[in-house]
Amino acid sequence: MEENFKMIAKTLFGFEDILENELIQLGAQNINKGVRMVSFVGDKGFMYKANLALRTAIKILKPIHSFKVKNETDLYKNIYAMDWSKYLKSNGTLAVDATIHSDLFSHSLFIAQKTKDAIVDKFRETTGERPSVDLKFPDVKINVHISKNHCNISLDTSGDSLHKRGYKTATNIAPINEVLAAGLIMLSGWDGQSDFMDPMCGSGTMLIEAAMIACNIPPNLMRKEFAFERWPDWDVELFEKIEESLLKKTRDFHHKIIGYDKAPSAVKKAQINAENAQLDDFITVKHEDFFKTQKGGNEKLHMVFNPPYGERLNIDMELFYKNIGDTLKQSYPGTDAWFITSNLNALKHVGLRPSRKIQLYNAKLESRLVKYVMYEGSKKAKFN
């Protein structure tokens, strides 16, 4: 029997509840929600499963040691005292990253450097050999987290951020992060029981994440590598067994996923990425200007999109957002429309009252995910 241990799944602000729910569905134990993170307990197989299957996790960390810390000397001594031979060979490679929320320390790079020095010195003095630094493909990636005077040392089980799913070879000037896209779609309550549309689809991230959610496909099947594959206890048979069991839980999808973009280059990129993800059977991308389109048929439509917010594109924001509202009102009856924006001022020009507003961050920009319900016929008729 594999032994259980604590893990921490890091996420984006506002996604903690969804991530907690994902972990419950996967069968994690002792789940505890924090800010931008959820801790849980599982065994090695569950660590593999969490990395493969969680849509809203950015990283899965495995804590290995914690201690109180007052200054750099404290930090060095405590890290030097650890038995690093359990995790790393003396001629292996390592990378360290640090996050600091403390008045005692000011530079995360300095903390990472000090940690690396302590580990390297320990090996040199006990074995005569020393590991070297490899920032791209280290054998072990170490995470240092200091909050006030508490220091937590963890192994990064994921390596590259889990938003790097592996299907995106073509991107636009302002691509939406895959974890953010998945979280928005899950917050919107998308369940795969209707048609889905992203009317400003860019390189197609929202469409692909929606298809994976609808078909219950694990999001990280196509990744080239996870950090744990370089660990001494890497178990390829167990990993393949976990992969297989997740694939057995995929389901059929009987609706359409439609993307529009008015830039032909974006349409092409979205099509390439959908093919890379092997989801082009479910996804149709068309060269259309959303403001000149109409909803086809009377079926319910679920819409989630990320309109431009003026950071990189020179457009008249007030008019643009007014056009979003007018198009939804006049051409998209029977639609639940959700979009995220960090241009909080522009929202006032949509001319519709949102039925929900959720505070989130897109990169470092404070944003809102808003929902507009477009009824068939008038709202009055709907309620009479």
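How many bridges join E13 to strand E15 (residues 365-374), and do the two run parallel or antiparallel? Strand E13 is joined to E15 by 7 bridges, and the two run antiparallel. Helices (H or I, at least four residues) and strands (E, at least two) are DSSP runs, numbered from the N terminus, and two strands pair if DSSP finds at least two bridges between them.

The structure is a predicted model, in which local features need pLDDT of at least 70 and side-chain atom pairs count only at pLDDT 80 or more, while totals for chains, interfaces and linings use all residues. Residues are numbered from 1 along each chain as its sequence is written, and side-chain values use heavy atoms, with hydrogens and water left out.

The domain assignment of the protein chain gives domain 1 (5-156) and domain 2 (178-216 + 251-374); such bounds come from an automatic or database domain assignment. The C-alpha centres of domain 1 and domain 2 lie 35 Å apart. Contact (heavy atoms within 4.5 Å) involves 11 residues of domain 1 and 13 residues of domain 2.

Helix H4 (residues 108-127) has 20 residues and reaches 29 Å from its first C-alpha to its last, close to the expected 28 Å. The expected span is 1.5 Å times one less than the number of residues. Buried residues (under 20% relative accessible area; exposed is over 50% and partly exposed in between, with a 1.4 Å probe and protein chains only) of H4 include Ile111, Thr115, Ala118, Ile119 and Phe123. An α-helix has 3.6 residues a turn, so residues three or four places apart point the same way. The cover over the buried residues of H4 includes helix H3 (72-81) and strands E5 (93-101), E6 (132-133) and E7 (140-147). Glycine 128, with a positive phi near 85°, follows H4.

Helix H6 (residues 205-214) is mostly covered, with 10 of its 10 residues buried. Among the elements covering them are helix H5 (178-187), helix H8 (264-276), strand E10 (257-261) and strand E12 (301-305).

In strand E13 (residues 335-341), 7 of 7 residues are buried. Side chains in a regular strand alternate between the two faces of the sheet. Both faces of E13 are covered, with Thr335, Ala337, Phe339 and Thr341 on one side and Asp336, Trp338 and Ile340 on the other. E12 and E13 run parallel and are joined by 5 bridges; leucine 301 stands opposite threonine 335. On the E15 side, leucine 369 is the bridge partner of isoleucine 340.

Rings of Phe, Tyr and Trp (its six-membered ring) pair if their centres lie within 6.5 Å; planes under 30 degrees apart count as stacked, over 60 as edge-to-face and the rest as tilted. By this rule the count comes to 23 aromatic pairs. Phenylalanine 228 and phenylalanine 239 form a tilted pair, 6.0 Å centre to centre with 55° between the planes. Phenylalanine 228 lies in the loop between H6 and helix H7 (236-247) and phenylalanine 239 in helix H7, 11 residues apart. Both are buried. One aromatic cluster is formed by Phe290, Phe291, Phe305, Phe320, Tyr321, Tyr332, Phe339 and Tyr372.

A charge sits over a ring if NZ of Lys or CZ of Arg is within 6 Å of the ring centre and within 35 degrees of the ring normal. The charged end of arginine 36 sits over the ring of tyrosine 361, 5.9 Å from its centre. Lysine 62 lies over the face of phenylalanine 5, at 4.2 Å from the ring centre.
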